[in-house]
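Please read them with the structure open beside you.

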Amino acid sequence: MAEPAIEVYEDEQRTFPPSAAFVGQANAGDRALFDEAAEDRLAFWARQARELLTWDTDFDTVLEWDLPDAKWFVGGELNITTNCLDRHVAAGRGDKVAYHWEGEPGDTVTITYAELLTEVCKFANVLKGLGLEKGDRVAIYMPMILELPIAMLACARLGVAHSVIFGGFSADAIVDRCEDAEARLVITADAGYRRGAPAALKPTVDAALASGAASVENVVVVNRCDTGPDMTDGRDHWWHDLMADASADCPAEPMDSEQLLYLLYTSGTTAKPKGIMHTTGGYLTQVAFTHKYVFDLKPETDVYWCAADIGWVTGHSYIVYGPLANGCTSVMYEGTPDTPDKDRLWDIIARYGVTQLYTAPTAIRMFMKWGTEYPERHDLSTLRVLGTVGEPINPEAWMWYHEHIGGNGTPIVDTWWQTETGGHMITPLPGVTTTKPGSATHTIPGVVAKLVDDDGNVVTEGGGYLTIAEPWPSMLRGIWGDPERFRDTYWSRFPGRYFAGDGAKLDADGYLWLLGRVDDVMNVSGHRISTTEVESALVDHPAVAEAAVVGGNDEVTGQAIIGYVILRGGHEASEELGNEIREHVGVKLGKIARPKTVIIVPDLPKTRSGKIMRRLLRDVADGRSLGDTTTLADPGVVAEIQSRAAEGGED
């Protein structure tokens, strides 16, 4: 890992400094924050905590660190919902819009901070009525409707930890998470709209509870799609019935800074999912700080949109807690970006005057495939900051985003972080950082990352393993119920350092280039080649809209590079084109990185959140049984890929 054979970005000379006009109005227009954090990191974070948050009791110790266990802002007390709601209402900003919510069928709701506070207090009283107390755990399995953040905030108001389960997950996933957390309650909906039709949720919960999760005593159901699900007497309750008589009087109780706020489970492929623990004061400090400075947030005027799902950490930190703590107006959308047409996102941006858009590289490449005609239908001139999240972005997708969505002038913040880190760790600050397409650039102020080689030696240029060298406020506080697994998973590979599981490289200018998971590094004839680098080279071909690369077993080379590509409109699959694409990679990266096979496919196997399931592609490449494909947005696409692979692809 220390010396990768392939340097796909070595010729990336394009740089984009912030404009003078942007710098002049930016929350951070110079390096003062970086200098302050370098001078005294803990004092820097203490100032952010006190200036960005409202504390019922001030903290007396910034950090207690007994590796790997951290406590931030020790002795401090606060309630996260006071910071997200009450203080804005008390300051006379209750009429400010918290969310412009839009359902997939086109129904809309605008909810103010005062209205959101009322709903949160009422549902907190509902939770009390169901016997929930501070320290209990609640599972939430819902579509992207306003009742989802309301439920999360109601839990947080009481000190009840929520565990949000992505609405595309199966009954088995619900059982695993509810049993591990010993959840007493499940909050769900009958269904949510997806591509024009209801996608059932309550029947999945019923199937889960029929097979396990004996700790669950009650189920609360939002009637979103009026599908008439079965309701079990004594266990199941309609949200609207419980809320009808609920009191809106529910004072916020101060919580210890280290009060457990939520569990969020990372999916395991071979082991049970890990319940990542996040607490209150440190978490909220870092997400509020990064939301303010990374997106250059102006809460008085901005309309911010994180186009993710709250079922993932991105939604927790940058749809719910960060934006509400900063008192901004957000957009929240229920459905898919191609319903009723492929311009749905651009239509929403134009209608609401969105100023920040935060989305995934996978989505950007999908927009590229659809073509520029869709964004060109709409006025996107209100956008002032663009963000990416979820995986490294290849330079050509970055440039498409820059040109066709950002009008060649809007800063792009390419953010690296994880469920475990809680908030942004590596990202440009748009008023400070000169960006390079495809690079997440540098750590934020107050975060210390180091690349190391196999022996743990610090790498100052070239490739290495990405580690975090010092604790940070929003860091995970452990794996629920399994401290030994916490230590073994994150702290044992490089003693004294948090190992993120990702590879990266530092270029000669000190810019970080994320290379994805280290288990996504292929070993071809002894050469380590990153899947990210090969995917970027594939997408660089003018006929390729999107690509995924895996390593397949090969008797000669150990692993062989298998590329799966989706073509842009106007191109037809052929053996000649497949060979041309293979040779293009050879020209870009060298013959060692040229795929053995390029398989031209109509689509890639993606979860409903848009993540490519490379495990399935590896299984196809090696002829293995595919196992569970229920979380795919389109399970049928795998059969088509298998058919193309059986034909030998285009090699």
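1. Start with a salt bridge. The side chains of Arg 477 and Glu 258 pair at 2.9 Å, N to O. Arg 477 sits in the loop between strand E23 (462-468) and helix H16 (483-490). Glu 258 sits in the loop between strand E13 (255-256) and strand E14 (260-266). The pair therefore ties together parts that are 219 residues apart in sequence. Arg 477 counts as buried, because its relative accessibility is 12% and the cut-off for buried is under 20%. Keep in mind that this is a predicted model.

2. The side chains of Arg 184 and Glu 217 meet at 3.0 Å, N to O. Arg 184 lies between helix H7 (171-181) and strand E8 (185-189), and Glu 217 between helix H8 (202-211) and strand E11 (218-222), so the pair links parts 33 residues apart in sequence. Glu 217 is partly exposed, at a relative accessible area of 40%.

3. Next, a bridge inside a helix. Asp 347 and Arg 351 form a salt bridge of 2.9 Å, N to O. Both residues belong to helix H12 (residues 344-352). They are four residues apart, about one turn of the helix. Arg 351 has 43% relative accessibility and so counts as partly exposed.

4. Side chains of opposite charge can pair when their charged atoms come close.

5. Now a patch of like charge. Asp 30, Asp 35, Glu 39 and Asp 40 gather on the surface as a patch of negative charge. Asp 35 belongs to helix H2 (residues 32-39). Its relative accessibility is 49%, so Asp 35 counts as partly exposed. The cut-off for exposed is over 50%.

6. How many residues of helix H11 are buried? The count is 13 of 13, for a helix that spans residues 313-325. Just after H11 comes Gly 327, with a positive phi of about 70°. Check that backbone angle when you inspect the end of the helix.

7. Turn to Val 518. This residue is in the loop between strand E25 (512-517) and strand E26 (521-524). Leaving aside residues up to four places away in sequence, Val 518 touches Tyr 465, Phe 499, Gly 501, Asp 502 and Gly 503. Val 518 is partly exposed, because its relative accessibility is 26%.

8. Last, Ala 199. Strand E10 (residues 197-200) holds this residue. Ala 199 is partly exposed, because its relative accessible area is 21% and buried means under 20%. Its contacts are Ala 191, Gly 192 and Arg 194, again not counting residues up to four places away in sequence. The C-alpha atoms of Ala 199 and Thr 227 are 9.7 Å apart, and the two residues are 28 apart along the chain.

Note on methods:
Residues numbered from 1 in each chain as written. Predicted model: local features only at pLDDT ≥ 70, side-chain atom pairs only at ≥ 80, totals over all residues. Heavy atoms only, no water. Patch = residues over 30% accessible without salt bridge, like charges linked within 9 Å, V, L, I, M, F, W, Y side chains within 5 Å. Areas by Shrake-Rupley, 256 points an atom, 1.4 Å probe, with all protein chains shown as cover. Salt bridge = Lys/Arg side-chain N within 4 Å of Asp/Glu carboxyl O. Lys, Arg positive; Asp, Glu negative; His and termini not counted. Charge placed at Lys NZ, Arg CZ, Asp CG, Glu CD. Helix = DSSP H or I, 4+ residues; strand = E, 2+ residues; numbered from the N terminus. Buried < 20%, exposed > 50% of the residue type's maximum accessible area, 1.4 Å probe, protein only. Contact = heavy atoms within 4.5 Å.
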